[in-house]
Amino acid sequence: MTGPRETELSEREAADLDTGRGDVRPVLRRLGQAGSFGVAGEDPSDALLPSVRLIRELATVSLAAAFSAWSQRMVIEYLRCYPPPEARLEEALLTGEVAGATALAPAIADLAGHAALPVVARPDGDGWQLSGTIGWASNLFDDALVVTPARTADEGRLVVLFRRNASGVTPTPFHDLLGLNGTGTGALELDGVAVHPGQVLTDDLADFMALCRPAMLLMQSALAVGLADAALTRAATQLVGGTAVLRPGYDELAGRRDDVAIRMEDQAGSRVGVGPGHLERTRLDAMDVAARAVRLESAASGASGYLAGSGTARRVREAAFLPVQAPTEAQLRSQVAATGSGSDR
């Protein structure tokens, strides 16, 4: 269970995680010590709904904290679905002792036939050597556990794990982002990084992505719903006097947010409506509600919300991140169009 102390952050702490004056490691450790990431060996199906609720709750106070928790929780998901021989890896992630960095974005483009995987795996005895570039990953702190896809010379597709501080791994300086600068987001250059057989989670990338898809998309939806929660809560306090004219828009958005949240929880709890395109539709709807809620908050807050250090301005920056997180908005819309799962609003 996650209590208020584990997910509470002050406005100053949330601002520091956004600007990079602080980073998310203390938050991950606090969540881990509280058992918020679950227990070792937990059934992935049973763990999903509590995780969706955790990510949503965190996103109401800091999208940076929620996003890093999402990355941590996704790496845990990978290890639960494809357990490596070293059981302690999951335990270190669950406690927050080690950060989890998911670098699966290239897999989405690769499986869609749009771009080849940038990391190449070459045979090395009974294992592999990795070379190439991971252009974007988060939680790249200390000895973070990184999970990435890699292609082989015979067009095979592996999913492998390695440590950020392994020999042959060169981290770049963290990216200078519009927001979420405390998430340890940067790139890794790989040059002959040794991967033994126990570090290969699977050689079936398509099956891996299909199995982990519900957790990935539903927890990403929770990021957007949590941000919408925060924006609507703040907007509600501003709808007085001249801004009361915005009340109908608030009521409509609050209703839409509730509808999306119910659908998201139903999909996470019962796995009903998780066929091709349905989860993508849920995330698109959540992103749309979040963007509209943040815009409403900005309109209701007026000039005070335009101050760079305000919570409103931070949420504007946070909302800008949602459509670029992989799968991106364009990738989501392509999948929905291909499956005919609902129409755009």
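Modeller: A residue counts as buried under 20% relative accessible area, as exposed over 50%, and as partly exposed in between. Please bear in mind that this is a predicted model.

Biologist: To which accessibility class does P50 belong?

Modeller: P50 is a residue of helix α4, which spans residues 44-59. Its relative accessibility is 47%.

Biologist: Is T7 buried or exposed?

Modeller: T7 belongs to helix α1, residues 4-7. The cut-off for a buried residue is under 20%. With a relative accessibility of 4%, T7 therefore counts as buried.

Biologist: Where do the buried residues of helix α3 lie around its axis?

Modeller: In α3, residues 25-33, the buried residues are V27, L28, L31 and G32. Viewed down the helix axis, they fall within an arc of 130°, so what they line is one face of the helix.

Biologist: Which residue just after α3 takes a positive phi?

Modeller: The phi angle in question is about 80°. The residue that takes this value just after α3 is G35.

Biologist: Which element gives the largest share of the largest nonpolar core?

Modeller: This core has 88 residues, and those that touch the most other members are Y78, L79, L201 and F208. Leaving aside neighbours within four places in sequence, Y78 is in contact with T102, L104, V147, L201, F208, C212 and M216. The largest share of the core is 18 residues, and the element that gives them is α8.

Biologist: How many residues does the other core hold?

Modeller: The other core lies apart from the largest one. Among its members are A101, I134, A150 and F162. Its residues number 18.

Biologist: Which element gives the largest share of the lining of the largest pocket?

Modeller: The largest pocket holds about 490 Å³ of space. Its lining consists of 20 residues, with I108, R213, E280, P327 and Q335 nearest the centre. Two or more lining residues come from each of α7 (105-111), α8 (205-236) and α12 (329-339). The largest share is six residues, from α8.

Biologist: What is the omega of the peptide bond that joins A326 and P327?

Modeller: P327 is located in the loop between α11 (311-321) and α12. Most peptide bonds are trans. The bond between A326 and P327 is cis, with an omega of about -5°.

Biologist: To which accessibility class does N139 belong?

Modeller: N139 is in the loop between β3 (127-137) and β4 (145-151). Although not a glycine, N139 has a positive phi of about 65°. Its relative accessibility is 0%, so N139 counts as buried.

Biologist: And to which class does D142 belong?

Modeller: D142 also lies in the loop between β3 and β4. Its phi is positive, near 50°, in a residue other than glycine. Because its relative accessibility is 44%, D142 counts as partly exposed.

Key
Residues numbered from 1 in each chain as written. Predicted model: local features only at pLDDT ≥ 70, side-chain atom pairs only at ≥ 80, totals over all residues. Heavy atoms only, no water. 1 Å grid on protein atoms, 1.4 Å probe; cavity = no way out; pocket = protein on both sides within 12 Å on 5 of 7 lines; lining within 4 Å. Points joined across faces, edges and corners; volume = space filled by probe spheres on them. Helix = DSSP H or I, 4+ residues; strand = E, 2+ residues; numbered from the N terminus. Core = buried A, V, L, I, M, F, W, Y, C linked by side-chain atoms within 4.5 Å. Buried < 20%, exposed > 50% of the residue type's maximum accessible area, 1.4 Å probe, protein only. Contact = heavy atoms within 4.5 Å. Arc of directions from axis to C-beta.
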